[in-house]
Amino acid sequence: MKSKLLITMMMLFVVGTCADSVFAQSGRKKIRLSLSSTTIALLPTFAAFDKGFFRDEGFDVELIQMPATLASTALMTGDLDYNGAVSGVISAAVQGRPMKCLIFALARPLVFLMSRKEIKEPRDLKGKKVAGSTPGASATLLAVQALRHVGLEPGRDVSILPMGGTAAGRLAVLESGGVDASLLSVPEVFFAREKGFTELLFLGDVVEFAQSGFGATERRIKENPDEVYRMVRAQLRSVMFLLDKNRQGEIVDMIMKRWKLSDRKMAESIFQDVVRVIAKDAVVTPASIQTLIDLARESAKVTRPVKIEDVVDFSFVDRARKELGLK
C-alpha cells in the first residue's frame, strides 16, 4: 500500500508531456521510467522522449522524477518499469538486488566542481564542505572521485554533504554559503560562472564515469525481452541522433524548448558540452563501469568482489547496434 502511495505522490513530479499521452487511446504500451533530475546530462533520454523514439518503438513513456535509491526500491515493488539513474541501479545490484543496467549514453561526466570565489585551487578545499547528492548517487560518487584526484580524502580532509538529487539545489546551497563547493552540471554551471564562482575542475577531463542510461530488474529482462530490446534501441537511436551533425539546429531547438532557454548561443554552448561526453554508439569502457562498481561497494561497505557482468546486461544494446549497422 505504501509503495502505491509513493508512486502516486511522485507522479506530481512527472517531467515532460506529449499530446498523445492518453495511454488508453494510443494503443502503445505504458512504460514508467524514473529520472533522478532534469539535468542536461540526461539529454539522451529526454531526446528519446521528445523526438519520439520511444513512441516509434511502441511505448508511451512516462518520465517520473525521484531519487535514484528510491527508484531502485520502486523497481523491485513493480511501481516503476525502468530506473534512469544508472548509478542507483549499480548501487542496488552491488548490494544484491536482482537488477542490471542495460545501456549507457555518456562515457564521461558532464559535471564541474565549482567553489566560493575566494577558493582558487582544489587543494584549498581541505577542511571544507562540498555538496553532493543522495548517498550512492552520481554527484556524491563524483565528488569522491574529484577530491581523490586532487589528493584529498573524502570524510577525512573534506566533508561531502547530501543535498538531494538536483544540480539546481546544489547551486542554491552554494549561493547561500551552506557549502564551500558543489558539483554542478549544465546549465547550472553557466549561472555559477556568471555569479563569479570558481571553476576548480571539469570532471569529464579526469574521470571515466558511465552515465545517462537505464536499468531494469532481472525479472523484467527475463519476462519481457522484446520490450527491453525496443527500449534500449530507442535510447541508442537517440544517441545516434544527438551525434548527427546534420541535426544540430534541430537539437538546439529541442534544448531551448525542454529547458526553457531564450538564449540560443547558450543552448548551442550547452549542446557542445554534451557532445564532448556522449558515448559514440553507446559504447563505454569496462574501466568506467568498474569505477561505478567500486564506488558503490565503498559507499555500501560491500566487501565481496562484484564483476561487471553482475551489474550490466549488454546483450540488448549489442543486438541493437548490429541491427542499426553500427560497429
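Helices (H or I, at least four residues) and strands (E, at least two) are DSSP runs, numbered from the N terminus. The model is predicted, so local features need pLDDT of at least 70 and side-chain atom pairs count only at pLDDT 80 or more, while totals for chains, interfaces and linings use all residues. Residues are numbered from 1 along each chain as its sequence is written, and side-chain values use heavy atoms, with hydrogens and water left out.

**View 1. Serine 212 in the loop between strand 9 and strand 10.** Serine 212 has a phi near 55 degrees, which is a positive value in a residue other than glycine. The relative accessible area of serine 212 is 4%, so the residue is buried (buried means under 20% relative accessible area, exposed over 50%, partly exposed in between, with a 1.4 Å probe and protein chains only).

**View 2. Lysine 260 in the loop between helix 12 (248-258) and helix 13 (264-275).** Lysine 260 is not a glycine, yet its phi is positive, at about 55 degrees. The relative accessibility of lysine 260 is 73%, so this residue counts as exposed.

**View 3. The crossing of helix 12 and helix 13.** The two axes come within 9 Å and cross at roughly 110 degrees (axes are lines fitted to C-alpha atoms, for helices over the stretch in contact, and angles run from 0 to 180 degrees between N-to-C directions). Helix 12 is therefore roughly perpendicular to helix 13 (angles under 35 degrees count as roughly parallel, over 145 as roughly antiparallel, 65 to 115 as roughly perpendicular and the rest as oblique). Residues of helix 12 in the contact include Ile251, Val252, Ile255 and Met256, and those of helix 13 include Ala267, Ile270 and Phe271 (contact means heavy atoms within 4.5 Å). Seven nonpolar, three polar and three charged residues make up the contact of helix 12 with helix 13 (Ala, Val, Leu, Ile, Met, Phe, Trp, Tyr, Cys and Pro count as nonpolar, Asp, Glu, Lys and Arg as charged, and the others, Gly among them, as polar).

**View 4. The packing of helix 7 (residues 138-149) and helix 14 (residues 286-300).** The axes of helix 7 and helix 14 are 10 Å apart, and the packing angle is about 100 degrees. The two helices are therefore roughly perpendicular to each other. On helix 7 the residues Leu141, Val144, Gln145 and Arg148 take part, and they meet Thr291, Leu295 and Glu298 of helix 14. Three residues of the contact of helix 7 with helix 14 are nonpolar, two are polar and two are charged.

View 5. Four bridges pair strand 5 with strand 9 in the antiparallel sense, and threonine 198 in strand 9 is the bridge partner of serine 115.

**View 6. Strand 4 (residues 99-103) beside strand 10 (residues 214-217).** Five of the five residues of strand 4 are buried, so the strand is largely enclosed by the rest of the structure. Strand 4 and strand 10 run antiparallel and are joined by four bridges. Alanine 216 in strand 10 stands opposite lysine 100.

**View 7. Two of the five aromatic pairs in the structure.** The ring centres of tyrosine 82 and phenylalanine 214 are 5.5 Å apart and the ring planes are at 75 degrees, so this pair is edge-to-face (rings of Phe, Tyr and Trp, its six-membered ring, pair if their centres lie within 6.5 Å; planes under 30 degrees apart count as stacked, over 60 as edge-to-face and the rest as tilted). Tyrosine 82 in strand 3 (residues 82-83) and phenylalanine 214 in strand 10 are 132 residues apart, and the pair links distant parts of the chain. Both tyrosine 82 and phenylalanine 214 are buried. The rings of phenylalanine 104 and phenylalanine 314 have centres 6.0 Å apart and planes at 80 degrees, so the pair is edge-to-face. Phenylalanine 104 counts as buried at 1% relative accessibility, whereas phenylalanine 314 counts as partly exposed at 25%.

How values were computed:
Pairing = 2+ DSSP bridges.
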